[in-house]
Amino acid sequence: MLSLFGTGIGRHIAIGRAVVLGNPARTISRHLLTNDQIDDEISRLRFAVNDAREGLMHLADNLPLDAPPETRAFIDVHLLMLDDPVIATAPINTIREQKKNAEWALKLNADKLITFFEGIEDSYLRSKQNDVIQVVDRILLSLQQAPTEADNRLANDLAGHIVVAADLTPADTVMLRHRHMNGFVTRFGGPISHTAILARSLRVPAVLGLHGTIDYIRNDDLLVIDGANNTVLVAPDETLLAEFQHRRDQAQARTLSLQSLRAEKAQTQDGCIVRLLANVELPEDLDVLHDAGADGIGLYRTEFLFMNAHQQPSESEQYSAYCQVLEHSPGPVAIRTLDLGADKQVDGGRSNSQNTVNPALGLRAIRLCLREPDLFKPQLRAIFRAAITGQATIMIPMLSSLSELDQTLMIIDEVKDELSREGIPFKSDVPIGGMIEVPAAAIAADLFARKLDFLSIGTNDLIQYTLAIDRIDDEVNYLYNPLHPAVLRLIHQIIQAGATAGIPVSMCGEMAGDPDYTRLLLGLGLREFSMECSSLPEIKQRIRESDINAQRATIEEILAASAPSQLDQLIVQLNDGTSD
Ligand code: PEP
Ligand code: MG
């Protein structure tokens, strides 16, 4: 038996057989051919292109009934690309004229196409380079005679299996969840990446960032994922397996027992009422809102509508999606405007951010929306129209300067004017809030609070930007520390800014769903927590056991503490002290 260590996602246990997904070697062989090798090399390439075509057609013919509707469109685009001259004929000419081997010839021509797409201003068209990359990967796999595991992951049912991959995009994760995988482990990735957030929301146990040790896992190995202990066990013996099965069953029983709290209030021992809200990414999240006992939706990540779509969803498609969420929500819904960019790209693809040096600091979220009104305005129109049907609020992500907020408010006014002129019914007085997730906005939170109806603290990005650590780079994950004094001071400051302005402040970053921080956040004055539904019962339980008044002194000490060890000790003290 082997124990491998990475970063656990969720606190659950998954048991299953490994399905190892291969990636074609990124370093492809390059050599020059002799004259008598040329014809064979051309046949080899033709065979590989055909093989890729057959693989895609097989995939299309065997799509499961519950496959997301856009899956077929993905496959069709890839089939069309196989006939594109850049793929179908140009590499053959390169083999013939430059005597380069098939992999090299294919790569050279594909790179030209990718560079062409990179230069396109429209972000949708630009993202088409991802399709080229995927199609070329498929041909390379065949040239390298590697098995086409990519087919399996789309076509096969993965129930009882744990997916093992170098990395998964958020879109991959959704797709594999539809294939019923029990869990997944990856070579790369950290706990606050959007893939990790999705895993929590979909209740899929995972361990990320195994690095080289992932190579010890073979197809069909029996694996145990222990998210709480950041561990993957490979081929555990019977006794250990029985112990983990027992722990898994106990955890499931505890989850069930916490459901009895569903109708109870999230009220502290000293009578303080807390609002517990849900973070929603996917339509399936709506099914569990009521069971989780959510008071509403504190963060609806609308970009997930775009990420698996093959083209930008129209205003009316967005309108229907927003109406659906509003209809299902037990209370108000904070519809966050598009936060595309960095690790969230359209088309489920490998990001065009790979070509940006610092994607997290680049054209993301509100910056992208302000740059591309054709993307932003239809969304705003759809939200204002849908708002008639429920309690919607609008939440702007990644604000960093007041001028961005002013520009946004101007566009909002324009959109409302347009709707009025067109005689289209909409709700005019939708509350507008902002996410405080950039240190500049946190420090100036009082200024933002004066212009907004509510604030929401996005700790995932706030921590990333405050501590200068890329949230998806597992090499620096060890520095990701919600308890860093700078982070705690900023959170405290934002909550106070909201209180002074008389507007609500919620928190929708992952920190809000971690029971280790519940009491601390209550002590800092937070009264609205938004999190993945799966965390909600546990947080409610923690709130109900807490006494804010009794903890005031410890909170003061925490805010004054400087040494990390002292802080850790104070947090333990805070969490151990129950009021009953
Ligand atoms: C955050 O940054 O904390 C947040 C909730 O937004 P996202 O994770 O989608 O960036
Ligand atoms: Mg964010």
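This is a predicted model: local features need pLDDT of at least 70, side-chain atom pairs count only at pLDDT 80 or more; totals for chains, interfaces and linings use all residues.
Residues are numbered from 1 along each chain as written, and chains are lettered from A and ligands numbered from 1 in written order. Local features need pLDDT of at least 70 and side-chain atom pairs pLDDT 80 or more, while totals for chains, interfaces and linings use all residues; side-chain values use heavy atoms, without hydrogens and water.

Student: How far apart do the C-alpha centres of domain 2 and domain 3 lie?

Tutor: Domain bounds come from an automatic or database assignment. Domain 2 covers 36-143, and domain 3 covers 262-341 + 361-576. Their C-alpha centres are separated by 41 Å.

Student: Which residue has a backbone N or O atom 2.8 Å from an oxygen atom of ligand 1?

Tutor: A polar contact is a pair of N or O atoms within 3.5 Å. The side chain of R336 places an N or O atom 2.8 Å from a ligand 1 oxygen, and D461 has a polar side-chain atom 2.9 Å from one. The backbone atom at 2.8 Å belongs to N460.

Student: Which element gives the most residues to the shell around ligand 1?

Tutor: Shell residues have a heavy atom within 4 Å of the ligand; helices are DSSP runs of H or I with at least four residues, strands runs of E with at least two. Those giving two or more residues are helix 10 (194-201), strand 10 (297-301) and helix 20 (459-467). The most, three residues, come from helix 20.

Key:
A polar contact is a pair of N or O atoms within 3.5 Å; within protein, one must be able to donate a hydrogen and the other to accept it, and residues adjacent in sequence count only if both atoms are side-chain atoms.
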